[in-house]
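Have a look at it first, then read on.

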Amino acid sequence: MEFGIVGLGRMGGNMARRLARKGIRIAVTNRSHDVSEAIAAETGHLACVSLQDMVAALQTPRIVWLMLPAGEATETALDTLAPLLSPGDLVVDGANAYYKDDQRRAGQLAKQAIEFADAGVSGGVWGLENGYCIMFGGSDAAAARLKPYMEALAPTPTEGWLHTGPVGSGHFVKMVHNGIEYGMMQAFAEGFALMKNKPGFDLDIGEIAELWRHGSVVRSWLLDLSADFLAKDQSLESIEPFVADSGEGRWTALESVEQGIPTPVMSLALMMRFASQGKNDYAAKMLAKMRQGFGGHAVKEG
């Protein structure tokens with residue numbers, strides 16, 4: 001056994017399960033050990049209490065795949081792992097991360113002759129059944145070592161995974177992927193809002209979503225998901241109009257500025273998420289007061 005997964009949340013846990021279904025036994029560890037034990041009992045994987053325990057259990061050269069939140073959690077894990085690993089070991093960050101962090105981390109680990117690869121993973125909670133789309137960066141040698149695991153995690157052994165180039169390229173491609181995703185989601189949301197609020201037509205947006213799934217140029221998995229929940233509830237009255245954002249949307253906007261390449265759709269989709277989080281509330285109050293000041297327009301008191 002040479003392969004271990006650190007972090008067994010929705011993505012990491014299901015990736016471990018998919019590997020088990022493909023007959024690959026690995027070591028797993030999680031901050032909450034009961035999660036590790038539960039997945040081990042379900043899959044036959046080896047549950048490890050700690051990173052130290054996992055490193056000791058794996059044969060060299062090891063592959064340690066991190067599925068941790070970007071930032072401090074990943075940095076802490078790498079700081080703990082680095083002195084435990086041996087030359088020739090390979091660390092993969094398979095969670096969401098900024099590609100420039102990948103390049104920095106690869107340089108640090110290279111001083112110990114430890115390889116680093118970055119893997120952007122798409123597929124969400126459906127990846128267990130359907131397989132994951134994986135875009136990963138690293139050396140050719142790292143790609144060769146990861147190939148059997150990519151073949152198992154992807155939808156098919158030959159589709160759904162790609163060695164995109166050097167370290168950082170995997171998360172860079174995933175970053176752009178998520179920026180596009182933001183724009184597509186925003187366009188669907190705006191279009192359905194226009195139809196939902198149009199007086200006089202009494203449009204059944206659930207039926208329209210289902211219609212568009214068949215033969216339309218906008219058919220997509222996002223539309224499939226939308227048609228499914230709109231068939232059950234078109235009002236969405238129980239849902240708060242709050243949309244979280246993850247790092248990829250922000251990193252995509254930063255990249256746009258750095259390259260000087262306009263990305264208005266992706267960037268505005270990110271801004272709309274900020275607005276939904278209440279971060280536009282003070283600006284809206286300012287606008288209301290300015291209109292009152294210059295034109296005597298009424299202000300709605302809260």
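**A patch, a sheet and a buried alanine**

Tyr-282, Met-286, Leu-287, Met-290 and Phe-294 make up a nonpolar surface patch, and together they have about 600 Å² of accessible area. Such patches take residues with over 30% relative accessible area and no salt bridge, joining like charges within 9 Å and nonpolar side chains (Val, Leu, Ile, Met, Phe, Trp, Tyr) within 5 Å. A salt bridge here is a side-chain nitrogen of Lys or Arg within 4 Å of a carboxyl oxygen of Asp or Glu, and areas come from the Shrake-Rupley method with a 1.4 Å probe, with only the protein chains shown counting as cover for residues.

This is a predicted model, where local features need pLDDT of at least 70 and side-chain atom pairs count only at pLDDT 80 or more, while totals for chains, interfaces and linings use all residues. Residues are numbered from 1 along each chain as its sequence is written, and side-chain values use heavy atoms, leaving out hydrogens and water.

Tyr-282 belongs to helix α13 (residues 281-295); helices (H or I, at least four residues) and strands (E, at least two) are DSSP runs numbered from the N terminus. Tyr-282 counts as exposed because its relative accessibility is 61%, and the cut-offs are under 20% for buried, over 50% for exposed and partly exposed in between (1.4 Å probe, protein chains only).

Ala-269, in helix α12 (residues 264-279), is buried because its relative accessible area is 3%. Leaving aside neighbours within four places in sequence, Ala-269 is in contact (heavy atoms within 4.5 Å) with Tyr-182, Gly-183 and Gln-186.

Now for the sheet: eight strands form an open, mixed one in the order β3-β2-β1-β4-β5-β6-β7-β8, where pairing takes at least two DSSP bridges between two strands. Its edge strands, β3 (46-47) and β8 (161-165), each pair on one side only.
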